[in-house]
Amino acid sequence: MSTEPQPHIVDINAWVERARHDSQLYFERQATEILLASIGGSSSFGGKMFLKGGTLMGVVYASPRQTADIDFTARFDPSDSLLEELKKDLDGEMKRSAARLGYPDIVCRVQGLKKKPRPQGFEDLRFPAIEMKISYARRNTRQHDRLLEGASAHVLKVEVSFKEPIEAVELVQLGGDSIIHAYAFAELISEKMRALLQQEKRDRNRCQDVYDIAYLVRGEHFPKAEKDYILERLIKKSHVRDIDPDKESMSDPQIRKRTRKDWKDLKLEVADLPDFDQTFDVLEAFYRSL
């Protein structure tokens with residue numbers, strides 16, 4: 001299957017406008033649009049960072065789940081000099097993107113960068129990541145003063161992961177001439193399934209992935225070739241994490257137990273939260289069909 005990105009045109013303005021009823025969420029999504037356009041427009045990083053996770057679900061797949069976290073996988077090696085290079089590049093790009101997108105009154109700046117899970121030996125860690133905080137404010141306000149002081153309360157949380165296997169990608173055109181690279185469907189759904197299978201090992205609860213997968217597959221028909229490719233990507237992603245999935249893996253009672261635990265907390269992100277067991281059943285049936 002071709003790994004060349006395919007264009008996917010998305011009206012990001014519709015995603016932003018869906019939040020107009022909530023002034024803070026609306027402002028946050030405007031800042032997110034600026035950030036996405038800036039990363040996509042970066043000559044140094046634009047073609048090497050791939051949007052995934054909840055923001056991709058909302059912007060491209062119109063998911064009603066509201067999450068402020070913005071996640072990327074990078075197709076370049078981490079380095080000790082990377083943080084300063086990324087900050088300098090994004091600070092410049094965000095100034096240009098705000099003006100170009102018609103947001104001249106919004107100021108965005110990289111407020112913080114942190115190596116995860118620890119700074120020691122960052123380059124050699126198996127699956128390192130960078131956590132970024134992007135502050136945003138209206139120009140010439142007290143918010144702006146706090147942004148300049150490096151103490152803004154309004155921040156976008158961004159995580160950039162490294163050394164993740166990635167193959168199925170696409171170009172997402174975000175209206176106008178803004179383009180960003182992103183996970184294609186098979187990459188998105190297989191990574192979410194891998195995260196669910198890895199819960200016990202990492203002692204995590206990934207209820208949002210149950211919701212997202214069920215949202216993506218409920219009522220849809222997938223050709224065998226597409227299912228085969230999703231399974232191929234899942235196996236590759238699992239093996240690098242020392243997981244060996246089989247047909248019964250998603251039926252492990254511990255997976256259902258862990259994801260049920262925090263299910264009700266999703267009401268903060270999903271106004272009309274569906275029944276957990278019915279949602280998990282959709283996920284499990286799809287997994288077994290692979």
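**A working chat**

User: Where is His21 found?
Analyst: His21 is found in the loop between helix H1 (12-17) and H2, where helices (H or I, at least four residues) and strands (E, at least two) are DSSP runs, numbered from the N terminus. This is a predicted model, in which local features need pLDDT of at least 70 and side-chain atom pairs count only at pLDDT 80 or more, while totals for chains, interfaces and linings use all residues. Residues are numbered from 1 along each chain as its sequence is written, and side-chain values use heavy atoms, with hydrogens and water left out.

User: Is His21 buried or exposed?
Analyst: His21 counts as exposed because its relative accessibility is 66%; buried means under 20% relative accessible area, exposed over 50%, and partly exposed in between, with a 1.4 Å probe and protein chains only.

User: And how many residues separate His21 and Glu200 in sequence?
Analyst: They are 179 residues apart in sequence, and C-alpha to C-alpha His21 and Glu200 are 39 Å apart in space.

User: Changing topic, which residues touch the most other members of the largest nonpolar core?
Analyst: Met49, Phe72, Val160 and Met193 do, in a core of 84 residues. Helix H2 (residues 23-41) gives the most to this core, with 8 residues. A nonpolar core here is a set of buried Ala, Val, Leu, Ile, Met, Phe, Trp, Tyr and Cys residues joined through side-chain atoms within 4.5 Å.

User: What is Met193 in contact with?
Analyst: Leaving aside neighbours within four places in sequence, Met193 is in contact with Ile213, Ile230, Leu234, Met250, Phe286, Tyr287 and Leu290, contact meaning heavy atoms within 4.5 Å.

User: What about the pocket, what volume does the largest one have?
Analyst: The volume of the largest pocket is about 1,300 Å³, taken as the space filled by probe spheres set on grid points that are joined across faces, edges and corners. On a 1 Å grid over the protein atoms alone, a pocket is an open set of points where a 1.4 Å probe fits, with protein on both sides within 12 Å along at least five of seven lines, and lining residues have an atom within 4 Å of a point.

User: Which residues lie nearest its centre?
Analyst: Asp71, Glu159, Arg202, Arg204 and Arg206 lie nearest the centre of the largest pocket, out of 44 residues that line it. The largest share of that lining, 5 residues, comes from H6.

User: How many of the lining residues are charged?
Analyst: The lining has 23 charged residues, along with 13 nonpolar and 8 polar ones. In this scheme Asp, Glu, Lys and Arg count as charged, Ala, Val, Leu, Ile, Met, Phe, Trp, Tyr, Cys and Pro as nonpolar, and the others, Gly among them, as polar.
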